[in-house]
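The sequence and structure are shown first.

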Amino acid sequence: VFLRYACFILGEAATISFDDVGAIRDIQDLETEMLNGDLLNKTLNSLMPGDVFIIPNNTYHVMGGILVNTPLKNVVFQLDGTLSYSEDRHNWPRDSNGNVLACMDYHSIEDVTFTTNDNNINNRGTMQGNGHVWWGAIQYLLHAEDRPRLFHIRQSKNVLFEKIRLINSPYWTFWAENCDGLEVRYSEID
């Protein structure tokens, strides 16, 4: 928090690691998922122009419902590790109508890059949706289309999404609405 405040006062961009803001790696339980999800929400919504936010090359279990509704501008989201979304449907965040929120949802961002630092195709950053707990005939009968999208972006400009692996999405994998200047390249969906 002090680093963020100091950079704001001095007008300097910061490089922020998910570890440095208190994220817990490699532990998969509800408490960790909620903590990591909350940290991810707060950190992404506090980024200033020029900032680079890094998810290091580790696995971070997070609760979905990551909603970035602060107009981010000129930032880099560097996913070197894995964001593994919760398998807990019961505790998944919901909107005011009771529908589940997306894993990650961005509104009104501009000049933002989502990337991985490593050019090796086998070392791409990963968004793991753990969709298997949302799929299947019984799940469809019970919940129909009330499943989270893995990555959702809307009303945004000049966005680059590259070198990222999206796997096991509970619903739609990548959805972009009303975007001007969106480029998706060198990425993979499984």
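Two strands count as paired if DSSP finds at least two bridges between them. Helices (H or I, at least four residues) and strands (E, at least two) are DSSP runs, numbered from the N terminus. The model is predicted, so local features need pLDDT of at least 70 and side-chain atom pairs count only at pLDDT 80 or more, whereas totals for chains, interfaces and linings use all residues. Residues are numbered from 1 along each chain as its sequence is written, and side-chain values use heavy atoms, with hydrogens and water left out.

**Sheet.** Five strands, in the order β3-β6-β9-β12-β15, make up an open sheet with parallel pairing. Its edges are β3 (59-62) and β15 (188-189), each of which pairs on one side only. Two bridges join β15 to β12 (residues 164-167) in the parallel sense, and R165 stands opposite E188 in β15.

**Salt bridges.** Eight salt bridges are found in the whole structure; the term denotes a side-chain nitrogen of Lys or Arg within 4 Å of a carboxyl oxygen of Asp or Glu. Three of them are tabulated here.

| Pair | N to O distance |
|---|---|
| D19 and R25 | 2.3 Å |
| R89 and D146 | 3.6 Å |
| E183 and R185 | 3.4 Å |

R89, in the loop between β6 and β7 (104-107), and D146, in the loop between α3 (137-143) and β10 (151-154), are 57 residues apart. A network of salt bridges links R89, R94 and D146. By contrast, D19 is partly exposed at 23% relative accessible area, as is R25 at 37%.

Note on methods. Buried means under 20% relative accessible area, exposed over 50%, partly exposed in between (1.4 Å probe, protein chains only).
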